[in-house]
Amino acid sequence: MAPSLTAEAAAAEVCYDEYSHCARGCDWGRNRLAYDRICNGQYRYLWYADCGTCAD
């Protein structure tokens with residue numbers, strides 16, 4: 001018999017990161033990738049990867 005879903009599991013957010021842009025803000029003219037955090041189809045916040053991750 002398959003386990004049933006609990007209310008907590010059913011209410012869990014489904015989140016993913018979507019590429020936003022290549023951002024400045026690192027030393028020596030380097031740049032970094034910026035991502036939007038999307039949960040349940042709604043924008044949550046912007047976050048940045050480590051410096052030097054965009055094609056310089």
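A residue counts as buried when its relative accessible area is under 20%. Cys54 has 9% relative accessibility, so Cys54 is buried. This is a predicted model. The report follows the cysteine links first, then turns to one glutamate.

**The disulfides**

A disulfide is a covalent bond between the sulfur atoms of two cysteines. The count here comes to three disulfides. Counting bonded cysteines along the chain, the pattern is 1-4, 2-6, 3-5.

| Disulfide | S to S distance |
|---|---|
| Cys15 and Cys39 | 2.0 Å |
| Cys22 and Cys54 | 2.2 Å |
| Cys26 and Cys51 | 2.0 Å |

**Cys15 and Cys39**

Cys15 is joined to Cys39 by a disulfide. What parts does the pair tie together? Cys15 sits in strand β1, and Cys39 sits in strand β2, which covers residues 32-39. The pair therefore ties together parts that are 24 residues apart in sequence. The link is right-handed, with 115 degrees about the S-S bond. Cys15 has a relative accessible area of 27%, so Cys15 is partly exposed. Cys39 is at 4% relative accessibility and counts as buried.

**Cys22 and Cys54**

The sulfur atoms of Cys22 and Cys54 are 2.2 Å apart and form a disulfide. Cys22 is in strand β1, while Cys54 belongs to the segment after β3 (42-48), so this bond ties together parts 32 residues apart in sequence. Is Cys22 buried or partly exposed? At 36% relative accessibility, Cys22 is partly exposed.

**Cys26 and Cys51**

Cys26 and Cys51 form a disulfide, S to S 2.0 Å. This pair links distant parts of the chain, 25 residues apart. Cys26 is in the loop between β1 and β2, and Cys51 is in the segment after β3. About the S-S bond the angle is -85 degrees, and the link is left-handed. Cys26 has 13% relative accessibility, so Cys26 counts as buried. Cys51 has a relative accessible area of 34% and is partly exposed.

**Glu18 in strand β1**

Glu18 lies in strand β1, which runs over residues 15-23. Its relative accessibility is 39%, so Glu18 counts as partly exposed. Which residues does Glu18 contact, leaving aside its neighbours within four places in sequence? They are Ala34, Tyr35, Asp36 and Ile38. Ala34 is 16 residues from Glu18 in sequence. In space, the two are 8.7 Å apart, C-alpha to C-alpha.

Definitions and conventions
Residues numbered from 1 in each chain as written. Predicted model: local features only at pLDDT ≥ 70, side-chain atom pairs only at ≥ 80, totals over all residues. Heavy atoms only, no water. Helix = DSSP H or I, 4+ residues; strand = E, 2+ residues; numbered from the N terminus. Buried < 20%, exposed > 50% of the residue type's maximum accessible area, 1.4 Å probe, protein only. Contact = heavy atoms within 4.5 Å. Disulfide = S-S within 2.5 Å.
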